[in-house]
Amino acid sequence: MLRRLARAAVPGSRAPWARWSRNWAGVPAQVVDLRSDTVTRPGPAMRRAMAQAVVGDDDYGEDPTVHELQEKAAELLGVQRTLLVPTNTMANLISVMGHCRRRGSQVLLGQECHLHVYEQGGVAQIAGVHSQPLPDMPHGTLDLDELERALTRGFGSSYHPVCELVCLENTHSSAGGRVLPIDYLRQVRLLAHTHGARVHLDGARLMNAAVALRVPPARLVEHCDSVSFCLSKGLGAPVGALVGGSRDFIEEAWRLRKALGGGMRQAGVLAAAALVGLAEAEEVLPKDHENAQRTPGPGITRLLCGPCHRGDQHSAGAGVWAASRRAVPAPAGCERRRGGSDWLCRERVAVSLDGALRAGCVAPRRIRSGHRTGPEEVGVCAEAVAALRRRDPGVRRPG
């Protein structure tokens, strides 16, 4: 993903997140937007594949390129079948609906996981499923004792909702992109199956987890009953996600996709882009991780003040901050917890916007109303001014 960002930042690029400014010496300085691994643009090979894709009506099951993608993804993930859907949010919702067939059944998940916080409560709104959030551990895992207590509470009870599903997220974005250990996945599945529940894995960034652990993606999926797999994050495709699981599960997932309005027609154009992303993943993703490890630490960017942006719109500097803690995938940054961390609440002072940009502490597109203190000013923590000046003597308070 970082390679795609770097390519898009060369002069002449039309990428909206690659912006240019000039320092006092008149030398162009590029600013690359690392808010998220979702802001990539398709490269030439991906665009050619999309233009030349052989297509059919996928709503009738007749698109050969979609079939090819689904078969290759099923082999990669070690599942019987996969199904192409528009987004990973829909993939998660379909999975919950496929496992929790009774209205009022319960799903256990982390209180900061993407499915619970950033997906509009779809499991309640649409699926009629009661979600029971559990506290997240610092590394994105759930306390197994607490999980067992929650599973036991509804098992055979006439009063408590019956838990039918446990949802995990790998990598865990709100924990800074932490990777879940394989042994932990095995223990969760054992607990869930013992109490009649199943396990769904939100694998939006599953390929990053596999690269970090140096294992095939199938090793991370083998302890789960279903998986969602995003194509528009680290793989760089413009649209799409996959639901994976058993043959019977995917048959039901097809019906649910149709009910949710996710049936697409000539979707092979999108599948072709995803196939290119899959083909490049083995080469590109390890380099993305190496680049992330070499990204400078939080330093100045961590001292920037501004509002906490929810979902995939990460707060300024979050990507670099996550990289400094060796979080994976660092390029995606980290989705902040509600309220943000303490440094977001420090007293701000105004410095010149141009100087802050030259110091490399913020990308232009990240300067929203909460960061600005004036038309050409940006607010930073008071203690950050000295650090900004060490980076660029031209940074000073306006006036």
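Student: Which elements each supply at least two residues of the lining of the second largest pocket?
Tutor: This is a predicted model, where local features need pLDDT of at least 70, side-chain atom pairs count only at pLDDT 80 or more, and totals for chains, interfaces and linings use all residues. Residues are numbered from 1 along each chain as its sequence is written, and side-chain values use heavy atoms, with hydrogens and water left out. On a 1 Å grid over the protein atoms alone, a pocket is an open set of points where a 1.4 Å probe fits, with protein on both sides within 12 Å along at least five of seven lines, and its lining residues have an atom within 4 Å of a point. Among helices (DSSP runs of H or I, at least four residues; strands are runs of E, at least two; both numbered from the N terminus), those that each supply at least two lining residues are α3, α9 and α12.

Student: How much space lies in the second largest pocket?
Tutor: Grid points are joined across faces, edges and corners, and a volume is the space filled by probe spheres set on them. By that count, the second largest pocket holds about 330 Å³.

Student: Which residues are the closest to the centre of that pocket, and which element gives the most to its lining?
Tutor: There are 16 lining residues, and the closest to the centre are Leu-76, Met-207, Leu-278, Ala-281 and Glu-282. With six residues, the element that gives the most is α12.

Student: Which residues of α9 are buried?
Tutor: Buried means under 20% relative accessible area, exposed over 50%, and partly exposed in between, using a 1.4 Å probe and protein chains only. The buried residues of α9 pack against α3, β7, α10, β8 and α12, with contact meaning heavy atoms within 4.5 Å. In α9, which spans residues 206-213, the buried ones are Leu-206, Met-207, Asn-208, Ala-209 and Ala-210.

Student: Which residues have the most contacts inside the largest nonpolar core?
Tutor: A nonpolar core is a set of buried Ala, Val, Leu, Ile, Met, Phe, Trp, Tyr and Cys residues joined through side-chain atoms within 4.5 Å. The largest one has 53 residues, and its largest share, eight residues, comes from α12. Phe-229, for instance, touches residues including Leu-206, Met-207 and Leu-278, leaving aside those up to four places away in sequence. Inside this core, the most contacts belong to Leu-84, Leu-168, Phe-229 and Leu-231.

Student: What is the phi of Arg-214, and is the residue buried or exposed?
Tutor: Most residues other than glycine have a negative phi. Arg-214, in the loop between α9 and α10, has a positive phi of about 60 degrees although it is not a glycine. Its relative accessibility is 75%, so Arg-214 counts as exposed.

Student: Where is the cis peptide bond?
Tutor: Most peptide bonds are trans. Here, Thr-171 lies in the loop between β6 and α8. With omega at about 5 degrees, the cis bond joins Asn-170 and Thr-171.

Student: Which charged residue sits over the ring of Tyr-60, and how far is its charged end from the centre?
Tutor: Tyr-60 lies in the loop between α2 and α3, and at 60% relative accessibility it counts as exposed. A charge sits over a ring if NZ of Lys or CZ of Arg is within 6 Å of the ring centre and within 35 degrees of the ring normal. The residue over Tyr-60 is Arg-265, and the distance from its charged end to the ring centre is 5.7 Å.
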